[in-house]
Amino acid sequence: MKVRALPIFLSVLFSSLLLFGGWYVFQNQFVKKPITNEIATMKGVKLNDIAIARDVITLNVAFNNPDKFAEDYKRVKKIASEKSNGRAVKIEFDSPNKNLQKIWDENAFAIAEAMELHTYSKIPGVLEQIKKKHKLANVGSHMDDQYVYIYFNDGKNPYYAVLPREREVSRNG
């Protein structure tokens with residue numbers, strides 16, 4: 001029996017194109033496009049990028065309304081979770097200002113301490129101290145049953161952070 005390479009090669013090529021092409025179309029038409037369309041209707045929220053991996057969907061989002069930040073964050077998370085087909089959803093914030101990131105990094109310990117000790121009422125005071133020390137234009141915080149939402153602004157650029165109230169516990173083994 002003679003093995004013919006061309007039909008085997010064409011079969012493998014066609015099957016691969018069909019499989020990966022179908023996967024690509026599914027990701028774009030039934031995951032990425034619906035998320036993009038729904039978030040586009042939200043005022044004060046701009047979706048910069050969606051990255052779809054095997055077990056996580058990562059959204060890069062810019063929020064423009066600090067007063068509705070917590071509400072908008074929950075809505076974006078809900079939209080993405082509904083369309084994710086069981087994958088985890090990770091939301092990243094567009095914070096191009098390195099100075100605000102540096103301010104957050106320098107002062108995150110005090111907020112982390114309040115989170116660990118469940119003394120959430122100290123967070124607004126810590127934010128006010130950060131505001132005075134770094135001459136920020138605005139600071140704010142909000143809390144619900146799942147997250148603590150933190151916002152500050154230097155007058156030009158916003159910085160957002162969302163901290164889970166309950167830490168995930170991981171085990172070795």
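Student: In which kind of crossing does H3 pass H4, left-handed or right-handed?

Tutor: In this predicted model, helix H3 passes helix H4 in a right-handed crossing.

Student: Where are those helices, and at what angle do they pack?

Tutor: Helix H3 covers residues 98-116 and helix H4 covers residues 123-134, and the two pack at an angle of about 160°, with their axes 10 Å apart. Because angles over 145 degrees count as roughly antiparallel, H3 is roughly antiparallel to H4.

Student: Which residues make the contact?

Tutor: On the H3 side the contact is made by Ile103, Glu106, Asn107, Ala110, Ile111, Ala114 and Met115, while H4 brings Ile123, Val126, Leu127, Ile130, Lys133 and His134.

Student: And how do they split by class?

Tutor: The contact of H3 with H4 has 9 nonpolar residues, along with 2 polar and 2 charged ones.

Student: Okay, other helices now. How do the axes of H1 and H2 cross?

Tutor: Helix H1, which runs over residues 5-40, has an axis that comes within 9 Å of the axis of H2, and the two cross at roughly 160°. H1 and H2 are therefore roughly antiparallel to each other, and H1 passes H2 in a right-handed crossing.

Student: What makes the contact there?

Tutor: From H1 the contact takes Phe30, Val31, Pro34, Ile35, Glu38 and Ile39, and from H2 it takes Val76, Ile79, Ala80 and Lys83. Sorted by class, the residues of this contact of H1 with H2 are 8 nonpolar and 2 charged, with no polar ones.

Student: Which residues lie nearest its centre?

Tutor: The second largest pocket is lined by 14 residues, and those nearest its centre are Pro66, Asp67, Phe69, Ser141 and His142.

Student: Which elements give two or more residues to that lining?

Tutor: Those elements are helix H2 (69-83), strand E4 (138-143) and strand E5 (147-153). The largest share of the lining comes from E4, which gives 5 residues.

Notes: Residues are numbered from 1 along each chain as its sequence is written. This is a predicted model: local features need pLDDT of at least 70, side-chain atom pairs count only at pLDDT 80 or more; totals for chains, interfaces and linings use all residues. Side-chain values use heavy atoms; hydrogens and water are left out. Axes are lines fitted to C-alpha atoms, for helices over the stretch in contact, and angles run from 0 to 180 degrees between N-to-C directions. Helices (H or I, at least four residues) and strands (E, at least two) are DSSP runs, numbered from the N terminus. Angles under 35 degrees count as roughly parallel, over 145 as roughly antiparallel, 65 to 115 as roughly perpendicular and the rest as oblique. A crossing is left-handed if the near helix is turned anticlockwise from the far one by less than a right angle, and right-handed if clockwise. Contact means heavy atoms within 4.5 Å. Ala, Val, Leu, Ile, Met, Phe, Trp, Tyr, Cys and Pro count as nonpolar, Asp, Glu, Lys and Arg as charged, and the others, Gly among them, as polar. On a 1 Å grid over the protein atoms alone, a cavity is a set of points where a 1.4 Å probe fits but cannot get out, and a pocket is an open set with protein on both sides within 12 Å along at least five of seven lines; lining residues have an atom within 4 Å of a point.
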